[in-house]
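This report describes the sheet, the domains and the ligand site of the entry shown below.

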Amino acid sequence: MVNKHPDIRKNEYCNVYVEDLTHEGKGVAKIDGYPLFVAGVLPGEKATIQVTKLNKGYGFGRLIELLEKSESRVAPACPIYEECGGCQLQHMSYQGQLLAKEKQVREILQRIGKLDDVPVHPVLGMDNPWRYRNKAQVPIGEREGGLVGGFYKQRTHEIIDMEACLIQMEENDAVLQKLKTVCSEFGLRAYDENTHKGTLRHIMVRSGKVTGHIMVVLITKTSDIPNRKKLVKTIVNAIPGVKSIVHNVNTKRTNVIFGEQTNILWGDEFIYDYIGNIRFAISARSFYQVNPEQTKVLYDKALEYAQLTGQETVIDAYCGIGTISLFLAQKAKKVYGVEIVPEAIEDARRNAELNGIHNVEFAVGEAESVIPKWYKEGVKADVLVVDPPRKGCDETLLKTIIDMKPKKVVYVSCNPATLARDLRILEDDGYKTMEVQPVDMFPHTVHVECVVLMSRVEK
Ligand code: SAH
């Protein structure tokens, strides 16, 4: 149904009541049923807005003045919140964010998945929802007096210098500041994407939350760093706790951060960190969860839903570096993990070895090709876990699950819309959605993760 175009014009001011919040964190106000999306307003608020765009079925507006505030409204803690755009919900209390995410999950499961009576539990949030990220990667630019680094101002390529990011581990902020100073003192020039000249493109810092290990990665356009040895020595002295200094070369005109070539300049190739009692080796290019504390909450729930007794065969589809597989392996007879990125599987095998876990087997490939092959070879899973990317599971994989008939499917999802779509497909062919547990992995942003338990119903 297309909403009728209301009697308003572009640039016009109007007073609206905000009814809802989109999954991007924008407020939804309606004029005669026609929705207008407005950033910075919350459900329950009244505001004067200016209409900025009118499409066929919906439009956009800009907040001019708040007339009535929501009880959930708070002053954003971060001074650069509006310019940055990395967080979208800092103008809402944390409790308000959790309730909004729960509502979002419930409604999308109803709307897309036609799952009306599924229990959706309150979102598991963080006791302290700040300073949680273990990885910072910032673009580098130049101003008079030296290098700056932080973030691109929203919808531009202008680099804003950042001293602190309140969702970033404090250690990472401090290390970034020191690196900017040291690199400036060494006269390193920033890469300029317009002229394709200069040296330093990005700096990445990773910290082990439990171990305190620090890795520094300098990403440059040139394969040499001027004065490299002295620079490295200075960094080592300036940053206590640094375990690894890595150089990555990206010669291309691209906004992809990393290039192909990676060299270790000093220290180890890996830093280590823990999720629960499992130790992970993290290289410059490894995927690793950015909020390990909440990752544990998420995967503990997946493990609880799997209800393992030690006798089960489990498949972990989209296994990445094997985080979930290794969690499950402690309680299962055998775990099979499959993942499309070969380097991630190398990491998964290394992590299994590192933890003395031997009842896991990892394969590189598409989940939708490898799992049917395993099935043909006689692998029969009691529990199947999926943790797909945003686009959800491939349909072939869902069909294989339906044929294979594992007793339980545990679905870990970072996108409630594709989750709802996939649950519906499984519901139509022998599965029932038992419970849904949303977890807040990225406080102050619009993202929400869910773990879902589905059980096979014999007909
Ligand atoms: N559970 C993992 C993360 C999963 S993220 C961990 O904690 O490490 C989703 C993963 O699916 C990514 O690693 C991505 O590379 C992988 N992937 C994407 N498409 C795939 C496919 N068709 N088959 C298998 N893996 C895929």
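How many residues surround the ligand, and which are the closest?

## Ligand site

In this predicted model, the ligand is surrounded by 18 residues, the closest being Y299, T323, E339, A367 and D387.

The protein buries 85% of the 580 Å² that the ligand exposes when taken alone.

An open sheet of seven strands runs in the order β17-β16-β15-β18-β19-β21-β20, with mixed pairing. Because β17 (360-364) and β20 (431-439) are the edge strands and each has a single partner, one side of each lacks a neighbour in the sheet. On average, neighbouring strands are turned by 15° against each other, direction ignored.

Strands β15 (residues 313-317) and β18 (residues 383-386) pair in the parallel sense over four bridges. D316 stands opposite V385 in β18. Helix α8 (residues 367-376) lies across β15, β16 (334-339) and β17, and runs at about 145° to β16.

## Domains

The domain assignment gives domain 1 (13-73), domain 2 (101-127 + 291-456) and domain 3 (135-275). Between the C-alpha centres of domain 1 and domain 3 the distance is 39 Å.

Methods:
Residues are numbered from 1 along each chain as its sequence is written. This is a predicted model: local features need pLDDT of at least 70, side-chain atom pairs count only at pLDDT 80 or more; totals for chains, interfaces and linings use all residues. Side-chain values use heavy atoms; hydrogens and water are left out. Two strands pair if DSSP finds at least two bridges between them. Helices (H or I, at least four residues) and strands (E, at least two) are DSSP runs, numbered from the N terminus. Axes are lines fitted to C-alpha atoms, for helices over the stretch in contact, and angles run from 0 to 180 degrees between N-to-C directions. Contact means heavy atoms within 4.5 Å. Domain bounds come from an automatic or database domain assignment. A residue is near a molecule or strand if one of its heavy atoms lies within 4 Å of it. Accessible areas come from the Shrake-Rupley method with a 1.4 Å probe; for residues, only the protein chains shown count as cover.
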